[in-house]
Amino acid sequence: MDTLESVPLKGHAVRGLTDGFDGSGRLLRLGDSALADLIEYSGLGPEHHPRTGFFVCLPGHFYSTARRQFELLGEGPAPDSVAREELRSHFEQRQRLQDEWEQRLVPSLLSLNRLTIPPTLRTCFLGGPAVFAQAVVQAVRRLRSRELDRCIVGGIDSYVHGGPLADVYELGLLRTEEKPSGFFPGEAGAFVLLERADAARARGARIEGMLGPSSIAEESFDRFSDEPPQGGALTSAIETCLRETEPRPGLAIVNINGDEFRARDFGTTLMRIRGSVLPEDFRQWYPVESFGEIGVATGAASVCLVVRAFVRGYAGSRSALVMLLGDDEARSAMLIEDLPLPSGRAR
């Protein structure tokens, strides 16, 4: 401010992949790259498509709506009818964007990767980081009912360009030269393949990890409600996941990102669970250190981090807990377990 010079924001863009793309096109580029990698690695062929679901998590409107509400407040007193009309227009615009994702983005993503999955077996989930657990829970339900043999579950998000970047900047959520508490924006696409064990063995698939319990809980407030976070919802989700689990996981993947609200929420959760629900010496990994804040893509990316660590032998634990905190009301947790080792072998 002293010199009125421009200072670039710091963040993590996927250079070479998303350059020149914005909006739905940027999400498509991220999702296409991640999905192509999953299909090749998993050996998923056309013969498997009829029994495969596709659940993708996409950005919700929490930040854009909060920004519009604050802008209306900043414009001074106005009749309630004016504010209602402005918000109605905002929500209509968001609905059009959601329709575009469901009717164009998802079909394009599938078409680019030659996935022939009918509309009845694919679903979009919109929200913050914790919504990934909702997608996983629904996928597991359809796997257990044998409606599906397998389900591709993932997320795509970007905060480094266009409207999403403007929203989080105007809301004061980014770390800048003048605001040390905040996050660096990032972007990512990540997918995992959930498959029933019998179906995976029948096609000779790689099995590199096991999904344990998943749980979702909600606070009664969000980060803009002026209520201090107490860690209640996240604690509840964690306790539900680990209710019947022994031994306790020695590794946690947590999406705290440098923002004070999220740090307080996680810190108060630690006070509740450390030494009881989780061991005193459990280790913590933070996806934001490598990718920046990646929003709704965080859950799938976190699971990928855990499974890679199992396969390559540096997890240091036979199980890991993925914790997902959002700036909205939702919190979630899920347990990821390593494969049982043959008798007498050690990894």
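Among contacts in the protein chain between residues at least 6 apart in sequence, 79% join residues at least 24 apart. This figure belongs to a predicted model, in which the secondary structure of the protein chain comes to 10 helices and nine strands. The radius of gyration is 21 Å, close to the 20 Å that the globule rule gives for 347 residues, so the protein chain is as compact as a globular protein of that length.

**Overall dimensions and surface**

- Along its principal axes, the C-alpha trace of the protein chain spans about 70 × 50 × 40 Å.
- Of the 347 residues of the protein chain, 48% count as buried, while the chain as a whole exposes about 17,100 Å², of which carbon and sulfur atoms supply 50%.

**Nonpolar cores**

- In soluble globular proteins, nonpolar side chains tend to be buried together.
- The largest nonpolar core in this model has 61 residues, and those with the most contacts inside it are Leu35, Phe54, Phe132, Val153 and Phe191.
- Helix H4, which covers residues 131–144, provides the largest share of this core, namely eight residues.
- Leaving aside residues up to four places away in sequence, Leu35 touches Phe54, Leu109, Asn113, Leu115, Ile152 and Phe191.
- A second, separate core has 21 residues, and Ala233, Ile273, Leu325 and Leu335 are included in it.

**Thr235, a residue in a helix**

- Thr235 has its place in helix H7, which is made up of residues 232–241.
- The relative accessible area of Thr235 is 5%, and because the cut-off for a buried residue is under 20%, Thr235 counts as buried.
- When residues up to four places away in sequence are not counted, Thr235 touches Thr269, Arg272 and Ile273, and Ile273 is also one of the residues included in the second core.

- Although Val14 and Val160 are 146 residues apart along the chain, their C-alpha atoms are separated by 9.5 Å.

Conventions. Residues are numbered from 1 along each chain as its sequence is written. This is a predicted model: local features need pLDDT of at least 70, side-chain atom pairs count only at pLDDT 80 or more; totals for chains, interfaces and linings use all residues. Side-chain values use heavy atoms; hydrogens and water are left out. Helices (H or I, at least four residues) and strands (E, at least two) are DSSP runs, numbered from the N terminus. The radius of gyration is taken over C-alpha atoms; the globule rule is 2.2 Å times the number of residues to the power 0.38. Buried means under 20% relative accessible area, exposed over 50%, partly exposed in between (1.4 Å probe, protein chains only). Contact means heavy atoms within 4.5 Å. Accessible areas come from the Shrake-Rupley method with a 1.4 Å probe; for residues, only the protein chains shown count as cover. A nonpolar core is a set of buried Ala, Val, Leu, Ile, Met, Phe, Trp, Tyr and Cys residues joined through side-chain atoms within 4.5 Å.
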